[in-house]
Amino acid sequence: MSPALRTPLAFAAMAAALLGVGFFQSWTLALAILNLSLISAIMALGVNMQWGYAGLFNVGVMGFAALGGVAAVIVSMPPVPGAWAAGSWNLLFAALALLATIGAALLVRAKLPSGRRTLATLLVVVVGYFVIRFFGDQATEAIEGYESASTGYLGGLGLPILLAWIVGALFAAGGAWLIGKVALGLRSDYLAIATLGISEIILALLKNEAWLTRGVKNVTGLPRPAPYEIALQQDPAFVDFATGLGLPATTASSLAVSLVYTALFAVVLIVLLVLAERALNSPWGRMMRAIRDNRDAAAAMGKDVTRRHLQVFVIGSAVVGLAGAMLVTLDGQFTPGTYNPLRFTFLIWVMVILGGSGNNMGAVLGAFVIWFVWVQAEPAGLWLMSTITAGMEQGDALRQHLIDSAPHLRLFLMGAILLTVLRFSPRGILPEKTGTARPPV
């Protein structure tokens with residue numbers, strides 16, 4: 001089958017599967033799958049930019065998604081005046097001490113001779129550490145102690161949450177720049193270990209720095225870019241509209257809110273997809289693929305490989321951070337405990353591999369397929385186990401064991417899909433488009 005025909009047929013099959021969920025299960029479930037598939041597709045696009053364009057093996061996707069989630073909290077939640085009054089001055093002094101320590105360390109390294117430079121820098125850092133801790137500990141204790149049951153953190157800026165999507169991308173880009181400056185000189189396997197470790201560090205900070213993110217107490221009730229269901233149900237015009245469609249107001253309001261999110265996410269995905277396709281087919285994209293295929297040859301031709309790797313690493317991470325902020329917006333809450341490598345790294349990688357690394361449309365399709373299977377695997381597993389054990393007695397231990405094991409079918413399916421793709425179609429459902437060789441002259 002030609003690639004030009006395979007792409008529309010694959011997306012048509014995916015659309016038919018979602019419509020099937022709507023007709024035979026519920027439209028609420030179909031829209032829920034669609035919305036999370038759109039967000040996953042954006043994450044997969046970011047990973048595809050790093051791996052498919054440049055061959056960077058980043059397994060710290062979870063950390064960049066979490067940074068996007070933090071942006072949603074900091075931008076959209078209202079500030080907590082009592083917490084600011086309790087600890088803002090000490091927090092300011094701690095920040096000034098941090099800046100002073102960095103400045104003093106740079107000054108020492110610039111002014112002193114090399115023989116005394118290291119010892120003096122170490123002394124400055126140790127003194128600065130204790131000064132920062134002196135003010136910082138007092139600040140965090142006061143902030144976290146202020147109405148800890150309901151707040152216990154500084155809150156945010158109270159701005160529209162859509163602005164957080166941009167800030168989330170900037171947070172992730174800034175984090176990627178710092179990580180890239182340290183880790184991008186490593187080999188691909190070491191880079192993978194470094195990014196995984198750094199993402200775990202980011203998550204540990206988010207869980208423990210409660211003064212900033214409330215930590216494991218979670219932040220709930222984030223503002224929404226969509227109307228609330230209860231407001232729609234109390235609107236006579238909407239109730240009349242729902243009645244005209246033959247739907248209960250509760251169902252219609254849920255569908256309406258989901259459709260608003262669908263429209264927002266779809267616009268972002270389409271814009272990113274267009275930009276990603278233009279970038280991939282531009283001279284910059286061809287250069288990145290040349291570096292990916294043979295970095296030594298590209299370096300010999302004058303390309304700054306490390307700089308280009310840092311560039312694409314920052315761009316891809318920014319896209320993941322954007323998706324992280326969108327996910328928190330959809331959930332309406334920030335829960336650091338839910339970030340785990342299985343959901344935010346392994347699944348995204350499976351999406352890219354299944355769809356076809358190096359092909360943006362493949363990454364998007366892979367995200368839709370994998371998320372659809374991920375959601376449907378559990379009810380399908382329960383149905384399968386119930387069918388297999390239909391002839392057994394209710395109290396049979398084997399029957400109960402098989403039914404209890406049904407949710408684990410989800411992980412089994414993910415592994416089976418990954419192995420099948422790698423064995424029979426290692427380039428994915430929609431392989432990367434390669435240029436046609438010129439005929440010999």
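This is a predicted model: local features need pLDDT of at least 70, side-chain atom pairs count only at pLDDT 80 or more; totals for chains, interfaces and linings use all residues.
Mentor: Helix α15 passes helix α18 in a left-handed crossing. Left-handed means the near helix is turned anticlockwise from the far one by less than a right angle; clockwise would be right-handed. Helices here are DSSP runs of H or I, at least four residues, and strands are runs of E, at least two, numbered from the N terminus.

Trainee: What is the crossing angle of α15 and α18?
Mentor: Roughly 35°, with the axes coming within 10 Å. α15 covers residues 341-355 and α18 covers residues 409-424. The axes are lines fitted to C-alpha atoms over the stretch in contact, and angles run from 0 to 180 degrees between N-to-C directions.

Trainee: Which residues of α15 and α18 meet?
Mentor: L342, F346, L347, V350, I353 and L354 in α15 meet L411, M414, I417, L418, V421 and L422 in α18. Contact means heavy atoms within 4.5 Å. The residues of this contact are 12 nonpolar, no polar and no charged. Nonpolar covers Ala, Val, Leu, Ile, Met, Phe, Trp, Tyr, Cys and Pro; charged is Asp, Glu, Lys and Arg; the others, Gly among them, are polar.

Trainee: New topic. How many helices and strands are in the protein?
Mentor: 18 helices and 2 strands. Of its 441 residues, 44% count as buried. Buried is under 20% relative accessible area, exposed over 50%, partly exposed in between, with a 1.4 Å probe and protein chains only.

Trainee: Is N48 buried or exposed?
Mentor: Buried, because its relative accessibility is 0%. N48 is in helix α2, residues 27-54. Leaving aside neighbours within four places in sequence, its contacts include Y53, V352, G356 and N360.

Trainee: And where is A100?
Mentor: In helix α4, residues 81-111. A100 is partly exposed, at 48% relative accessible area. Its C-alpha atom is separated by 54 Å from that of I429, 329 residues apart along the chain.

Trainee: Last one. What does M326 contact?
Mentor: I39, I42, W165, F265 and V268, leaving aside neighbours within four places in sequence.

Notes:
Residues are numbered from 1 along each chain as its sequence is written. Side-chain values use heavy atoms; hydrogens and water are left out.
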